[in-house]
Amino acid sequence: MTQPSSIEAVQTMLSRQNYVAGRALSTVVFLALRLGKPLFLEGEPGTGKTEIAKAIAAGLNRRLIRLQCYEGLDAASAVYEWNFPAQMIAIRTAEAAGSADRDALQTDLFSDRYLTERPLLQAMRPHPEGPPVLLIDELDRTDEPFEAFLLEALSDFQVTIPEIGTIHAPEPPIVIVTSNRTREVHDALKRRCLYHWVDYPDFAREMEILTARAPEASAALSREVVAFVQRLRTEDLFKKPGVAETIDWAKCLLALDVISLSPQTIADTLGAVLKYQDDIAKLEGSEAKRLLDEARATLAPA
Ligand SMILES: Nc1ncnc2c1ncn2[C@@H]1O[C@H](COP(=O)(O)OP(=O)(O)OP(=O)(O)O)[C@@H](O)[C@H]1O
Ligand SMILES: [Mg+2]
């Protein structure tokens with residue numbers, strides 16, 4: 001598919017992938033695509049940062065290449081590695097066959113045949129369907145040296161392999177960087193990108209998301225679930241539930257044939273929403289009922 005020609009077209013493209021994006025998010029996506037700039041998405045857990053990269057890739061019919069960041073991730077595992085075991089076998093086989101051509105073997109050992117391509121290199125390669133979507137997920141989990149390396153790779157869209165040379169992307173990939181903000185990402189990297197903070201959705205948008213992702217849930221149950229989760233997020237919790245939890249919870253309730261929330265069903269299924277014992281303990285006793293009553297009070301009669 002060609003690039004969307006307007007903000008509305010972006011919104012439509014995403015909604016076809018069951019992704020609900022507000023005006024602000026659709027605008028930065030549109031601009032990122034139009035200007036060929038990386039998109040930096042920071043925000044609360046479970047608010048659709050990773051999912052939007054999948055939705056853009058599917059919507060544009062491009063390949064999604066994901067670089068999952070973690071502590072200790074280094075350039076080698078992000079770009080390429082030599083397939084050492086295969087190289088060893090090739091050497092042994094050549095030795096056993098008494099092949100004398102050492103030079104040829106040496107050149108062959110450092111050719112594409114023994115190169116294991118990691119996400120960044122894959123993203124620089126030409127793709128028949130057009131530049132891929134490169135998702136650099138949870139960048140805040142890596143350390144600063146890797147960030148500096150990434151900055152360089154993202155500024156000229158090229159990577160260098162000493163034994164082979166420099167590989168330049170014929171067309172830059174569509175880059176999406178996400179962070180949960182467990183630490184600040186460096187300004188230099190942010191400056192290269194368009195930035196958007198992904199917050200928890202408001203009631204109406206969360207209803208839209210739930211309807212898109214769990215259409216089997218009745219409107220009445222969905223409204224209660226969303227109102228309760230929204231109310232829960234205003235509590236002082238160690239980890240607030242994300243949109244992912246809202247969807248999971250609705251699906252659990254459906255599996256149990258629940259048609260309306262009650263303090264008992266909440267207590268029975270709270271593990272789908274809250275993942276820390278301290279948070280769960282806060283809803284013990286009459287607390288769940290109080291929150292449920294308050295959540296219901298915010299719902300206008302349907
Ligand atoms: N705007 C949205 N439209 C549709 N689905 C959404 C939306 N936001 C979140 N979701 C749903 O929530 C799930 C979790 O989203 P996702 O994994 O993208 O969150 P995240 O922001 O990457 O979280 P984390 O920071 O924990 O990685 C998705 O699988 C999707 O089903
Ligand atoms: Mg994510």
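Predicted model: local features only at pLDDT ≥ 70, side-chain atom pairs only at ≥ 80, totals over all residues.
Local features need pLDDT of at least 70 and side-chain atom pairs count only at pLDDT 80 or more, whereas totals for chains, interfaces and linings use all residues. Residues are numbered from 1 along each chain as its sequence is written, while chains are lettered from A and ligands numbered from 1 in the order in which they are written.

**Overall architecture**

- The protein contains 15 helices and 9 strands, taken as DSSP runs (H or I of at least four residues for helices, E of at least two for strands) and numbered from the N terminus.
- The radius of gyration, 24 Å, is well over the 19 Å that the globule rule gives for 302 residues, so the protein is more spread out than a compact globule; the radius is taken over C-alpha atoms and the rule is 2.2 Å times the number of residues to the power 0.38.
- The C-alpha trace spans about 85 × 45 × 35 Å along its principal axes.
- Of the 302 residues, 32% are buried (20 or more other C-beta atoms within 10 Å of a residue's own; exposed means 12 or fewer, partly exposed in between; C-beta atoms are placed from the backbone).

**Domains**

- An automatic or database assignment divides the protein into domain 1 (7-79 + 116-198), domain 2 (81-112) and domain 3 (203-296).
- The centres of domain 2 and domain 3, taken over C-alpha atoms, are 59 Å apart.

**Surroundings of ligand 1**

- Domain 1 and domain 3 both give residues to the shell around ligand 1, so the ligand lies between them.
- The shell holds 18 residues, of which Pro45, Gly48, Lys49, Thr50 and Glu51 are the closest; membership requires a C-beta atom, placed from the backbone, within 6 Å of the ligand.
- At least two shell residues come from each of α3 (49-60), α10 (203-213) and α12 (243-255).

**Helix α3**

- The buried residues of α3 include Lys49, Ile52, Ala53 and Leu60.

**Ala272**

- Ala272 lies in the loop between α13 (263-269) and α14 (277-282).
- With 17 other C-beta atoms within 10 Å, Ala272 is partly exposed.
- Leaving aside residues up to four places away in sequence, Ala272 touches Glu245, Asp248, Trp249 and Cys252.
- Ala250 is 22 residues from Ala272 in sequence, and their C-alpha atoms are 9.0 Å apart.

Definitions and conventions. Contact = placed C-beta atoms within 7 Å.
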